[in-house]
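Dear colleague,

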Amino acid sequence: MKPFLSIEKLTQRFPDGQGGQLTVFEDATFGVEKGEFVVILGHSGCGKSTIMNILAGLADPTSGVVVMDGQEVRGPSLDRGVVFQNYSLLPWLSTLKNVTFGVAARHPEWTKAQVTEHAVKYLGMVGLEGDVIHRKPSQLSGGMRQRVSIARAFANHPKLLLLDEPFGALDALTRGTIQDELLKIWGGTEQTVFMITHDIDEAILLADRILLMTNGPFARVAESVEITIPRPRSRTEIVEHPNYYAIRNHLVQFLGRRSKELAGQQTGTGETNRPETVRIDKAVPTDDPEDRRPTLRAVTN
Ligand SMILES: Nc1ncnc2c1ncn2[C@@H]1O[C@H](COP(=O)(O)OP(=O)(O)O)[C@@H](O)[C@H]1O
Ligand SMILES: [Mg+2]
C-alpha cells in the first residue's frame with residue numbers, strides 16, 4: 001500500500017539562464033506516513049523549497065507525481081496548509097481575520113460566531129489572546145506574526161502541514177517557545193507535518209524522521225534517519241538521551257562532509273532515487289559486553 005504522502009520519481013529542471021538546464025533533483029522518491037513528523041535537512045540551494053512548493057501544489061514538477069491520500073496533488077488545496085518563513089499574512093486584515101478567513105472558507109456551514117470561536121481557540125494555543133488579536137500584522141512582532149501564520153494553518157485542519165523554515169527569522173527564545181507549541185498542537189491533532197529547516201537541533205527535537213539532502217545540482221534525498229528518542233521530548237532532556245549525540249554527529253557529518261561528497265552524482269535517468277534508512281540506537285545492547293559503541297544499521301528499502 002502507498003504511504004499517505006507518496007513522492008514518486010520527482011524531477012525538477014529549470015533554465016539555467018545561459019541557454020542550458022539546471023537539474024535541481026531527479027527521480028526523487030520517498031513517502032511520508034499519516035501522522036508522521038518528517039523534517040528535511042540540507043544546505044541552501046539544494047531544492048528543499050522547490051520540493052515544498054510542489055507538495056503544496058504551488059508549482060508543477062518537470063516530471064513525476066505527488067499523491068496524497070490516494071489523490072494526485074494538482075494545485076493548492078485547503079487540505080495542505082503552508083507556513084513560509086515570511087509569514088505571508090494579509091496586511092489589511094486583523095490578526096483574527098487572518099485566521100477566520102480560511103476557517104470560513106473551509107466551513108461555509110458554520111455561523112460567524114462559530115468561526116470566530118474556532119479562530120480564537122487556535123490563536124490562544126499559540127499564546128495570542130486579548131486585544132492583540134484585533135491588531136494588524138504590521139502592529140505585531142516577528143514572533144507574533146509567525147504564531148499567527150501557524151495558528152492560521154492549524155485552524156484549517158489540513159491533512160498535511162507544510163512548513164518551510166518557519167522559524168528562521170525568529171530569535172532563539174521565541175523559536176524555542178514556538179517549537180514547543182508546534183509539538184503540542186501536532187501531538188493533539190495527529191496531523192502529518194513536513195518541515196524544512198537547516199537547524200540540526202530543531203530537526204532532532206521535532207522529527208520522527210529526518211530526510212538528508214545532498215547538495216545540488218542533481219541533489220538527492222540520500223538518507224532517512226530515524227530519531228530514536230522517545231516522546232514527549234523537551235530540549236533540556238533529549239540531550240541526556242544516549243542516542244542524542246550519536247544522531248547529532250551523524251547529521252553534522254552528513255551536512256559537513258557527505259552532502260558535498262555525494263553532490264552532483266547523477267544516477268542516470270529512469271532510476272528511482274530512494275533514501276537509505278538509517279537507524280542509530282545506542283540503547284540496544286550488543287552480544288559483546290566489550291562493545292558499547294553505537295550500533296549503526298543502514299538498510300535500503
Ligand atoms: N523558478 C526558478 N527558476 C530557476 N531556478 C530556480 C527557480 N526556483 C529555484 N531555482 C533554483 O533551484 C535550486 C534550488 O532552490 P530552492 O528549492 O529554493 O533551494 P533551498 O530551498 O534548498 O534553499 C537553486 O539553485 C535555485 O536557484
Ligand atoms: Mg528554501
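Helices α2 and α4 are roughly parallel to each other (an angle under 35 degrees), because they pack at about 20°. The axes of α2 and α4 (residues 142-155) are 9 Å apart; axes are lines fitted to C-alpha atoms, for helices over the stretch in contact, and angles run from 0 to 180 degrees between N-to-C directions. Helices are DSSP runs of H or I with at least four residues, numbered from the N terminus. The crossing of α2 past α4 is right-handed, that is, the near helix is turned clockwise from the far one by less than a right angle. On the α2 side, T95, N98, V99, G102 and V103 make the contact, and on the α4 side V148, A151, R152 and A155 (C-beta atoms, placed from the backbone, within 7 Å). By class, this contact of α2 with α4 has five nonpolar, three polar and one charged residues (nonpolar: Ala, Val, Leu, Ile, Met, Phe, Trp, Tyr, Cys and Pro; charged: Asp, Glu, Lys and Arg; polar: the others, Gly among them).

The model is predicted: local features need pLDDT of at least 70, side-chain atom pairs count only at pLDDT 80 or more, and totals for chains, interfaces and linings use all residues. Residues are numbered from 1 along each chain as its sequence is written, while chains are lettered from A and ligands numbered from 1 in the order in which they are written.

Helix α2 (residues 95-106) also packs against α3 (residues 112-125), where the axes come within 9 Å and cross at roughly 120°.

Yours sincerely

Definitions and conventions. Helix = DSSP H or I, 4+ residues; strand = E, 2+ residues; numbered from the N terminus. Parallel < 35°, antiparallel > 145°, perpendicular 65-115°, else oblique. Contact = placed C-beta atoms within 7 Å.
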